[in-house]
Amino acid sequence: MMKENQMIYVNNLRKDFKSYSSRSGLKGAFRDLFTRNYKILSAVDGISFNVKPGEMVGYIGENGAGKSTSIKMLTGILTPTSGEVIVNGMNPHKEREEFVRTIGVVFGQRSQLWWDIAVQESFRLLKKVYRVSDEDYASHMEHVIDTLDIAPLLDKPVRKLSLGQRMRCELAAALIHNPPLLFLDEPTIGLDVLVKNKIRTFLKEINERYNTTILLTTHDLQDIEALCERVVMLDQGKVIYDGSINDLRARWMEGKEIHFQFKREVEKDELTKLSNGITVDWQPGKRKDLWIGHVEDNDEVISDIIARVVNELKIIDVNIKSITTEEIVRNIYEEGAVRE
Amino acid sequence: MMLAYRTNYYTGIIIYSINIGAYYFLWTAIYGGKSDIEGLSVIQMVTYIAVAWMARAFYFNNIDREIAQEIKEGKVAVEMIRPYSYLGMKTMQGLGEGLFRLFFFSVPGMFIVSLIFPLSFAANLSTWLFFGLSIIFSFIINTQINLITGVLTFFFFNNDGLIRAKRVIIDLFSGLLLPISFYPIWAQDVMAFFPFQAISYIPSMIFTNGFQGNALYDAIMFQLMWSVLLLIPIFVLWRVAKKRLVVQGG
């Protein structure tokens with residue numbers, strides 16, 4: 001694959017950390033003063049992937065899977081132990097000062113605005129730092145401020161903003177220099193549904209309007225479903241899936257779930273006897289009267305099962321559900337690999 | 001940033017005046033009836049102390065503590081995504097704070113103090129110029145030492161002890177509390193090998209006309225030499241530190 005045409009080119013990237021462990025007890029503490037035990041841990045263990053200009057990619061993984069570490073290498077904060085990174089045609093940590101002019105970064109858990117001063121002062125400072133001209137600032141930021149609806153917040157100090165208000169300002173701050181590439185590290189963490197939606201709509205619009213490439217890490221898979229066509233999934237420092245979110249769903253979407261709520265407590269034997277001849281995987285629900293049947297996605301089979309059950313047992317409620325992306329991802333983590 | 005809290009500003013001025021006032025009473029008590037100690041009269045001594053504190057307002061900064069804090073909290077990650085040199089930015093921040101304190105804390109403070117206590121200010125323009133040059137070097141050297149202490153956090157992760165030790169050493173060996181000429185000869189010889197007296201002793205002595213002729217040029221050269229020499233450990237440490245950077249807390 002051509003490196004030049006990619007927005008992000010990552011090849012066999014790794015980052016090792018020394019992890020010290022302390023010995024136990026007072027004697028151990030004294031020994032630790034002289035020699036310490038350590039292990040080398042690979043937070044990122046040889047990952048490779050590419051992102052094309054204008055793509056929106058979801059970057060997901062459990063806590064400690066290596067997402068943040070790899071984002072920090074992509075943004076030039078951390079120096080890789082080995083491997084190749086080329087972002088926007090530059091080597092992030094070698095040409096850091098020039099490189100960071102071409103990216104915007106939002107860390108959901110850290111503020112990059114100045115705590116004590118008004119939001120617009122922070123914006124003005126950043127405008128100077130990134131050397132944005134007055135015309136560019138006016139034409140671009142007016143739209144950003146409008147869409148994110150932060151005009152009333154501009155004269156308030158950051159410490160007086162709520163989390164949702166602050167997050168919207170952080171996003172605007174990351175976009176002051178209108179970068180072609182945006183890194184978002186858990187931008188919707190701790191936000192309510194309304195703010196989340198606002199941010200999603202805004203990101204979509206930015207992507208369409210300026211063809212901004214967006215790399216998004218999140219634990220909220222709805223963010224990914226709303227925004228990204230492609231996901232890169234990490235587990236224990238390795239890429240375990242890289243492809244479209246639809247493929248991921250299709251691969252796992254082998255069946256449907258039928259949720260039954262019965263009038264009385266039901267034993268598994270009764271259900272298996274009823275469904276004799278059809279392949280159903282009966283899973284107990286939270287209570288004794290709740291059962292979930294996993295079946296293949298076939299309307300005849302589903303109707304048949306429901307007919308048989310309803311004939312024999314009194315029910316209160318029936319629900320047919322497709323498996324959600326969340327469940328798929330949870331299954332993948334549990335199995336530690338993606339089914340081929 | 002410092003004007004964001006008004007009370008902070010007013011108490012700042014008062015604290016400066018009280019500080020200098022306290023030293024005035026301390027030294028007049030020490031001098032008792034004596035007209036001079038080690039060649040300094042009581043008025044020269046009090047002026048020395050007052051000028052040392054005024055200069056301190058300019059060269060003093062907390063960037064070592066701030067760097068350490070930012071590394072500990074992982075905030076350094078946010079600084080690294082900005083298109084500027086981290087240490088350069090910290091230095092300029094220190095300079096801004098220093099200038100602010102000089103003009104808004106110590107000049108009003110000095111004005112109040114000079115109304116209350118007898119101080120002898122130099123009338124000579126060249127003394128003021130050399131003093132000005134000298135406190136610029138004081139700022140550079142003190143900031144360089146702070147940068148070194150701060151960057152060492154990359155290696156120790158928690159260096160509160162080091163920062164505290166550094167502060168005591170500078171207060172003691174820079175001549176802020178006591179002119180270097182008051183120390184025993186052997187101690188003066190040892191201190192000649194360290195940059196600390198370039199921070200406070202040299203500008204204060206220049207201001208009180210304690211240095212004349214060649215001694216004045218030697219003193220400025222001493223400052224110049226150290227401000228160049230200290231660049232070396234900063235560059236070396238920063239290069240190594242960037243490789244070792246671990247962003248703590250996610």
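**Exercise 1. Work out which residues of strand S5 of chain A are buried on each face.**

Step 1. Define the terms. A strand is a DSSP run of E, at least two residues, and a helix is a run of H or I, at least four, numbered from the N terminus. A residue is buried if 20 or more other C-beta atoms, placed from the backbone, lie within 10 Å of its own; 12 or fewer make it exposed, and in between it is partly exposed.

Step 2. Sort the faces. A:Ile103, A:Val105 and A:Phe107 are buried on one side of S5(A), and A:Gly104 and A:Val106 on the other. Both faces are covered.

Step 3. Check the count. S5(A) spans residues 103-107, and five of its five residues are buried.

Step 4. Five bridges join S5(A) to strand S6 (residues 181-185) of chain A, and the two run parallel. Two strands pair if DSSP finds at least two bridges between them. A:Val106 has A:Leu184 as its bridge partner in S6(A).

This is a predicted model: local features need pLDDT of at least 70, side-chain atom pairs count only at pLDDT 80 or more, and totals for chains, interfaces and linings use all residues. Residues are numbered from 1 along each chain as its sequence is written, while chains are lettered from A and ligands numbered from 1 in the order in which they are written.

**Exercise 2. Find the strand order of the open three-stranded sheet in chain A.**

Step 1. The order is S2-S1-S4, with antiparallel pairing.

Step 2. Find the edges. S2 (37-51) and S4 (82-87) of chain A each have a single partner strand, so one side of each is left without a neighbour in the sheet.

Step 3. Look at one pair. Twelve bridges join S1 (residues 8-21) of chain A to S2(A). Within this pairing, A:Tyr20 has A:Tyr38 as its bridge partner in S2(A).

**Exercise 3. Describe how helices H3 and H6 of chain B pack.**

Step 1. Take the geometry. H3 (residues 63-73) and H6 (residues 125-151) of chain B pack at about 20 degrees, with axes 8 Å apart. Axes are lines fitted to C-alpha atoms, for helices over the stretch in contact; angles run from 0 to 180 degrees between N-to-C directions.

Step 2. Classify the angle. H3(B) is therefore roughly parallel to H6(B), a class for angles under 35 degrees; over 145 is roughly antiparallel, 65 to 115 roughly perpendicular and the rest oblique.

Step 3. List contacts (C-beta atoms, placed from the backbone, within 7 Å). H3(B) gives B:Ile63, B:Asp64, B:Ile67 and B:Ala68. H6(B) residues include B:Thr143, B:Asn146 and B:Leu147.

Definitions and conventions. Two residues are in contact if their C-beta atoms, placed from the backbone, lie within 7 Å.
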